[in-house]
Amino acid sequence: MKKTKERKLYNTVSLSIPIIFQSFFQILFGIADTWFVSFYSDEAVAAVGYANQLIAVILLLFVVISSAISVLGAQYIGAEEEQKAKKISSDAVVLTLLVSISISFIIFITSKKMINVLQVPMEIREDMNAYLKTIVLGLIFQSGNVVLTTVYRIFAEAKYAMRVGIWINLLNIAADAVIIFNPMGYTYNFVIGIALATVSSNAMGFAAMLVKSKRCLKLEYTRNMSGENVKLLIYYGIPSAGENISYKISQLVVTTLLGQLGGFILSAKIYAMNVMLFVSLIPNSIGIATGILVGYLWGNKKKKQAYDICYRNIFSGILVVVMMNVVIFMGRDWSLHIFTSNKEILNVARTIMNMEAILMFIKTGNFMFGNSLKGVGDVYYNAILGVLSTWIFGVGLSYILGITFQLGIQGIYYGFGIDELFRCVISWRRWRKTIGKESHFSA
């Protein structure tokens with residue numbers, strides 16, 4: 001029985017596939033809302049998109065908790081301390097709910113002031129305020145789903161979270177369709193209706209995962225959280241959240257750089273990345289699974305297996321990237337024509353896709369090494385490296401090459417490439433050094 005459980009825990013494929021599907025349906029969730037709102041008005045699309053960007057930044061706060069669970073929970077399970085894993089998981093969910101309720105209240109009463117501070121265009125302010133005030137009512141469900149999904153992953157039950165994600169999407173799409181096409185002819189605010197559809201879908205998914213976690217994972221939720229667990233969740237989670245927030249801000253800066261090259265360059269980047277997103281989806285998911293598996297093995301004192309699984313999954317990820325690049329490039333022109341027929345934009349988009357395809361091989365190494373270092377608890381080094389490299393090379397060098405030296409989009413991508421390569425090499429050296437030491441990073 002124990003061997004069967006170990007095979008389940010240490011199987012990359014069985015853990016990666018649910019994560020891949022779940023990530024895909026998370027992307028689909030946003031695409032569906034945007035597509036249905038576009039039937040209503042372009043202004044509503046802008047309002048919903050703007051509000052969702054703000055919500056996405058807020059949800060990064062809960063990456064603090066989910067990232068810490070990935071490290072601590074996996075190590076506890078690997079060390080066969082399942083009760084500790086259950087306690088810290090239940091404390092993480094309760095902490096998430098308390099924090100999300102507080103944030104929801106603050107945003108609800110200050111939404112108009114926030115919109116004014118952000119200098120949102122006047123024509124979309126009313127719709128954005130209506131959508132934002134409605135969507136934050138369901139922040140408790142969205143944040144709860146983020147953390148519970150991670151809990152299911154570390155207990156090797158990611159398939160259930162995947163199935164819930166599929167059902168949430170189907171419910172959301174059906175609700176969106178009914179609200180926008182309004183077969184009964186009712187009078188209501190369509191933007192608020194779309195927000196309520198999202199809140200309702202997330203609420204049903206959260207309820208399902210919460211009940212399942214109590215019945216099958218035997219988690220017990222109480223207000224008596226362990227103070228030590230809360231400290232550990234914050235200590236191990238803050239670096240990941242800081243790194244993610246820094247990356248989001250750096251991408252906004254890069255978007256500004258692209259805008260200086262011309263509006264068609266920015267459009268081409270968006271269209272190309274919409275297609276190439278599917279290339280990164282699988283290796284990124286394998287990277288997440290690798291971090292969890294390394295945590296299991298590290299907690300179980302199996303350092304050699306942890307070392308090997310990282311490299312084995314790098315080769316698997318590279319093989320996937322090769323196959324996905326071939327598929328994407330075979331249908332490249334067709335996929336880009338879905339978005340535009342502008343020849344100037346199409347030519348730049350093809351160039352960007354070529355550079356992204358090459359860059360993806362280095363990114364695969366970063367997915368594996370970065371998540372593996374997090375898996376053994378080496379979170380601060382990885383976060384500091386990511387922040388410094390992104391701003392020095394990904395932003396700074398990109399500006400120098402792309403704007404100052406007038407190399408355009410190619411120069412900006414040279415900066416991206418040096419950023420990814422630098423992080424990959426340093427993370428590789430850190431991984432080799434860390435794996436040979438005693439586990440002074442573990443909880």
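Mentor: Let's start with a rule: a salt bridge is a side-chain nitrogen of Lys or Arg within 4 Å of a carboxyl oxygen of Asp or Glu. Before we use it, note that this is a predicted model, where local features need pLDDT of at least 70, side-chain atom pairs count only at pLDDT 80 or more, and totals for chains, interfaces and linings use all residues. Residues are numbered from 1 along each chain as its sequence is written, and side-chain values use heavy atoms, with hydrogens and water left out.

Trainee: Okay, how many salt bridges does that rule count?

Mentor: Side chains of opposite charge can pair when their charged atoms come close. Here the count comes to 9 salt bridges.

Trainee: Which residues are linked in a network of salt bridges?

Mentor: Asp419, Glu420 and Arg423. Arg423 meets Asp419 at 3.0 Å, N to O, and it meets Glu420 at 3.1 Å, again N to O. Asp419 and Arg423 both sit in helix H16 (residues 408–435), 4 residues apart, or about one turn of the helix. Helices, by the way, are DSSP runs of H or I with at least four residues, strands are E runs of at least two, and both are numbered from the N terminus. Glu420 and Arg423 are 3 residues apart in H16, so about one helical turn separates them.

Trainee: Are Asp419 and Arg423 buried or exposed?

Mentor: We go by relative accessible area: buried means under 20%, exposed over 50%, and partly exposed in between, using a 1.4 Å probe and protein chains only. Asp419 comes out at 5%, so it is buried. Arg423, at 14%, counts as buried too, and Glu420 is also buried.

Trainee: With which residue does Asp91 form a salt bridge?

Mentor: With Lys87, the closest N and O atoms being 3.2 Å apart. Both lie in helix H5, 4 residues apart. Asp91 is buried because its relative accessibility is 2%, while Lys87, at 30%, is partly exposed.

Trainee: Next up, cores. Which residues touch the most other members of the largest nonpolar core?

Mentor: The general idea is a set of buried Ala, Val, Leu, Ile, Met, Phe, Trp, Tyr and Cys residues joined through side-chain atoms within 4.5 Å. In this model the largest one has 119 residues, and Tyr131, Leu132, Ile135, Tyr296 and Trp431 touch the most other members. Helix H11 (residues 263–299) supplies the largest share of this core, 14 residues.

Trainee: What does Leu132 touch?

Mentor: Contact means heavy atoms within 4.5 Å. Not counting residues up to four places away in sequence, Leu132 touches Ala51, Leu54, Ile55, Ile107 and Ser111.

Trainee: Which residues form a nonpolar patch on the surface?

Mentor: A patch is built from residues with over 30% relative accessible area and no salt bridge; like charges are joined within 9 Å, and nonpolar side chains (Val, Leu, Ile, Met, Phe, Trp, Tyr) within 5 Å. Areas come from the Shrake-Rupley method with a 1.4 Å probe, and for residues only the protein chains shown count as cover. Here the members are Ile234, Tyr235, Ile238, Tyr380, Ile384, Leu388 and Ile392, with about 660 Å² of accessible area together. Helix H10 (227–260) and helix H15 (379–404) each give two or more residues, and H15 gives the most, with 4. Tyr380 lies in H15, and it is partly exposed because its relative accessible area is 32%.

Trainee: Which residue's side chain does Thr290 join in a polar contact?

Mentor: A polar contact is a pair of N or O atoms within 3.5 Å; within protein, one must be able to donate a hydrogen and the other to accept it, and residues adjacent in sequence count only if both atoms are side-chain atoms. Thr290 pairs with Asn313 at 2.8 Å. Thr290 lies in helix H11, and at 0% relative accessibility it counts as buried.

Trainee: Last one: where does Glu80, with its positive phi, lie?

Mentor: Most residues other than glycine have a negative phi, and most peptide bonds are trans. Glu80 has a phi near 60° and lies in the loop between helix H4 (63–78) and helix H5 (82–117). Ala156 also has a positive phi, of about 60°, and is found in the loop between helix H7 (139–154) and helix H8 (158–181). Glu80 counts as exposed because its relative accessibility is 52%, whereas Ala156, at 16%, counts as buried.
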